[in-house]
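Please look through the following notes with the sequence and the model side by side.

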Amino acid sequence: MMAAVYATLLLAFILDLSGLRRIAISCLLMSFALCLGLFLWEVYSPDYGLRMPWLQL
Amino acid sequence: MSGTEFSATLDRLILFLMLAVLAAILTAAMVMQYAFGEIPCPLCLLQRVAMFGCCFGLIRQLRSNNSERGTGIALIFTVLLLVISVRQTLLDLFPRPGHDYVGSAVFGIHLPVWSVIISVALLLGFAIRLALFGGAHNTADAERHLPRTVVRALVIYLVVICAINFLSVVAQCGLDQCHTFGYRLFQ
């Protein structure tokens with residue numbers, strides 16, 4: 001999954017450098033969506049959900 | 001040089017400096033990884049993605065004549081960087097079983113906290129830039145305010161370090177979940 005995030009990001013840079021700006025933006029948006037999905041997957045816990053019970057305010 | 005041209009040049013210079021600082025930060029992170037053996041955690045890798053996304057927006061803005069779309073892209077990724085780094089700082093605030101790895105500190109501050117500082121500095125930078133220069137300048141050729149070759153060299157450098165990061169992620173994580181135990185490809 002992380003490899004896909006970086007692959008789409010790199011593709012966005014290369015396409016932008018090649019002048020294909022609209023496709024580059026699409027790749028960047030794809031990278032953003034994958035990044036957001038992976039972030040939520042990484043921080044989600046089956047026990048706590050997205051809460052952080054070790055923080056006592 | 002007229003007042004409008006001067007502010008346009010200063011605007012491009014600020015954007016270029018922001019891009020150069022981000023490139024330096026990403027390079028420093030890679031030096032920490034390869035020279036000091038700090039294998040990045042998944043959230044650290046996602047923070048790098050957010051920084052690269054911010055760089056992409058800055059590059060677009062440097063080329064733009066009459067639009068602030070690049071700034072918008074950069075701001076989206078800056079907010080993403082802030083969200084990820086704050087969450088990671090809160091995760092590592094207290095030692096928890098099975099989560100001993102937090103990495104080393106630079107100038108007494110751990111890397112996720114540096115990320116929070118960087119994202120707040122970026123948000124401030126964009127806010128100050130918009131407050132001072134008020135957005136797009138409608139100049140005929142935005143890129144002429146800075147030496148084209150210097151900007152081009154920095155952009156190519158960023159693409160190269162993005163490619164190195166991609167190869168590094170493939171070596172570390174393969175096509176599976178990322179861990180900080182070592183490089184999956186070399187085990």
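1. Helices here are DSSP runs of H or I with at least four residues, and strands are runs of E with at least two, both numbered from the N terminus. By that rule Leu40(A) belongs to helix α2 of chain A, residues 21-43. This is a predicted model, in which local features need pLDDT of at least 70 and side-chain atom pairs count only at pLDDT 80 or more, while totals for chains, interfaces and linings use all residues. Residues are numbered from 1 along each chain as its sequence is written, chains are lettered from A and ligands numbered from 1 in the order in which they are written, and side-chain values use heavy atoms, with hydrogens and water left out.

2. The surface around Leu40(A) deserves a look. Buried means under 20% relative accessible area, exposed means over 50%, and partly exposed is in between, with a 1.4 Å probe and protein chains only. Leu40(A) is partly exposed because its relative accessible area is 41%. Together with Leu36(A), Tyr44(A) and Leu50(A), Leu40(A) makes a nonpolar surface patch of about 370 Å². Such patches are made of residues with over 30% relative accessible area and no salt bridge, where like charges are joined within 9 Å and nonpolar side chains (Val, Leu, Ile, Met, Phe, Trp, Tyr) within 5 Å. A salt bridge is a side-chain nitrogen of Lys or Arg within 4 Å of a carboxyl oxygen of Asp or Glu, and the areas come from the Shrake-Rupley method with a 1.4 Å probe, only the protein chains shown counting as cover for residues.

3. How many disulfides does the structure hold over all chains? There are two, a disulfide being counted when a pair of cysteine sulfur atoms lies within 2.5 Å. One joins Cys41(B) to Cys44(B), with 2.4 Å from S to S, and this link is right-handed, with 80° about the S-S bond. Cys41(B) is buried at 12% relative accessibility, whereas Cys44(B) is partly exposed at 23%.

4. The other disulfide is formed by Cys173(B) and Cys178(B), whose sulfur atoms are 2.0 Å apart. The torsion about their S-S bond is about 105°, so this disulfide is right-handed. Cys173(B) is buried at 0% relative accessibility, and Cys178(B) is buried at 6%.

5. Cys35(A) is in no disulfide either, the nearest cysteine sulfur being that of Cys178(B), 12 Å away.

6. Aromatic rings also link the chains. Rings of Phe, Tyr and Trp (its six-membered ring) pair if their centres lie within 6.5 Å, and planes under 30 degrees apart count as stacked, over 60 as edge-to-face and the rest as tilted. By this rule there are four aromatic pairs over all chains. The rings of Phe13(A) and Phe52(B) have centres 6.1 Å apart and planes at 80°, so the pair is edge-to-face. Phe13(A) lies in helix α1 of chain A (residues 2-17) and Phe52(B) in helix α2 of chain B (residues 42-63), so the pair joins two chains. Both Phe13(A) and Phe52(B) are buried. Phe32(A) and Phe77(B) form another edge-to-face pair, 5.3 Å centre to centre with 80° between the planes.
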